[in-house]
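User: I'd like to go over this one with you before I set anything up. Can you bring it up and tell me how you use your terms along the way?

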Amino acid sequence: KGATMAKSTMMMWTTAMAAQKPRGNVRARAGVARSVRSASTQRRGSGKVNFPFVRIAGQEDLKLALILSLIDPRIGGVLIMGERGTGKSTTVRALVDLLPDIEVVKGDPFNSSADDPEYMSPYVKETLQKGESVEMQKIGIPMVELPLGATEDRICGTIDIEKALTEGIKAYEPGLLAKANRGILYVDEVNLLDDSLVDVVLDSAASGVNTVEREGVSIVHPAKFILIGSGNPSEGELRPQLLDRFGTSATVSTLVDDGLRVQMVKDRMAFEKDPEGFCLEHAAETEAVRQRVTEATSRLPQVKIPRELSVKIAEVCAMVDIDGLRGDIVVNRAAKAFVALEGRDEVTAEDIQRIIGLCLNHRMRKDPMDPIDNGVKVEIAFQRVFFPGAAEAAAEAKRKQEEEVQAAEASEESGADRKGLKAGAWDPRSMLGKR
């Protein structure tokens, strides 16, 4: 009986080892596959190839808002609202391919710069003040995604428990805000995130620093990033105080043009079949847009906006009851970024018209009983302030057109009433109104 049990145990062990052997081969093949990823993926530091930004069709306002934030991060990020399946996350993740590499201090968790004190962590500042040198390396612009289940400790950072237990010292463990420094922080489903966490993220985005005071750890480190949030409006709205902290906003909807829908479906299927090949096919287009953004960033300091246009921007903001001055500031900055993207040096009224809706729509008070869209209100106010003569002429032309339509309808009704009577014949129905 003992020999039989030993033989049975040996057979079970042999079967288990045989079952584990293919798994090792699978892991080996997976390792080889990971080692031959494209150079662009390695540059971004991600483990996934993104759908090309230039092949996203129909979301022009969204793409413009994202590009303007790349040119001037001080605009304040982008809020994207739209129904599910409209390409919000895909567009944001594709944005990384348009960003250049940056130089950071090697081994620094804050992506510190060795030249700009605003982007230096306390440790790098202390090292440079001692006269010591730091080693630099180039990395792709970091893109950090904030999950819904994140806690405040994970976002802001907390005490390093491992060092506290093993070495008996108090040390700071950086959070997501530290990793996003000099990069992009993307919050998907931002309208479902706890309000206290949204406040923490928005405060850091506005001030450019993250202050941590907890468990005996006190540290202030740079947290300058481009904040991008997306959400589905049917799942809930953001508080007005939080909406105002986003620089621009874009509302995306499902494509209605048949040609664009078919082309988007074909592109997506081709991308899923061969992601790296599809990206390589459109690499030239992506590089052209990337170069354009880089040139616009360099040209931005030379762009000027006339004072009279800034005054009119203030008049528009006052006319649509925008609270505070953030709207005025963002419109001025976005207009200059748009002009830099176009390759010019001076802002015109047409440039402001192109971007003012992106900057003000989400800042206006919402009245559920008002049938007029916020974008229409902003456009009407813009026309009245920037082109008062044209607005009045358009209103007069519209009034005359309505009068002509009413006169034509009355004439048709009169003709229908006399239908069937001979010319000059008396109509007894005409006497009914005289009684």
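Analyst: To start with a term, contact means heavy atoms within 4.5 Å. This is a predicted model, in which local features need pLDDT of at least 70 and side-chain atom pairs count only at pLDDT 80 or more, while totals for chains, interfaces and linings use all residues. Residues are numbered from 1 along each chain as its sequence is written, and side-chain values use heavy atoms, with hydrogens and water left out.

User: ok, what does Asn332 touch, leaving out residues up to four places away in sequence?

Analyst: With those neighbours left out, Asn332 touches Ile305, Ser310 and Ile313. The side chains of Asn332 and Ser310 are also joined by a polar contact of 3.0 Å, a term for a pair of N or O atoms within 3.5 Å where, within protein, one must be able to donate a hydrogen and the other to accept it, and where residues adjacent in sequence count only if both atoms are side-chain atoms.

User: and is Asn332 buried or exposed?

Analyst: Asn332 has a relative accessible area of 17%, so it counts as buried, given that buried means under 20%, exposed over 50% and partly exposed in between, with a 1.4 Å probe and protein chains only.

User: switching to pockets, how much space is in the largest one?

Analyst: The largest pocket holds about 1100 Å³, where a volume is the space filled by probe spheres set on grid points that are joined across faces, edges and corners. On a 1 Å grid over the protein atoms alone, a pocket is an open set of points where a 1.4 Å probe fits, with protein on both sides within 12 Å along at least five of seven lines, and lining residues have an atom within 4 Å of a point.

User: which residues are nearest its centre?

Analyst: Of the 41 lining residues, Pro73, Arg74, Tyr119, Phe225 and Ile226 lie nearest the centre of the largest pocket. Helix α13 gives the most to that lining, with 5 residues; helices (H or I, at least four residues) and strands (E, at least two) are DSSP runs, numbered from the N terminus.

User: what about the second largest pocket, how big is that?

Analyst: Its volume is about 730 Å³, and among its 29 lining residues Thr251, Asn361, Asp373, Asn374 and Gly375 are the closest to the centre.

User: last one, where does Glu83 sit?

Analyst: Glu83 is in the loop between β1 (78-82) and α4 (88-94), and it is partly exposed, at a relative accessible area of 38%. Although Glu83 and Gly231 are 148 residues apart in sequence, their C-alpha atoms are 8.0 Å apart in space.
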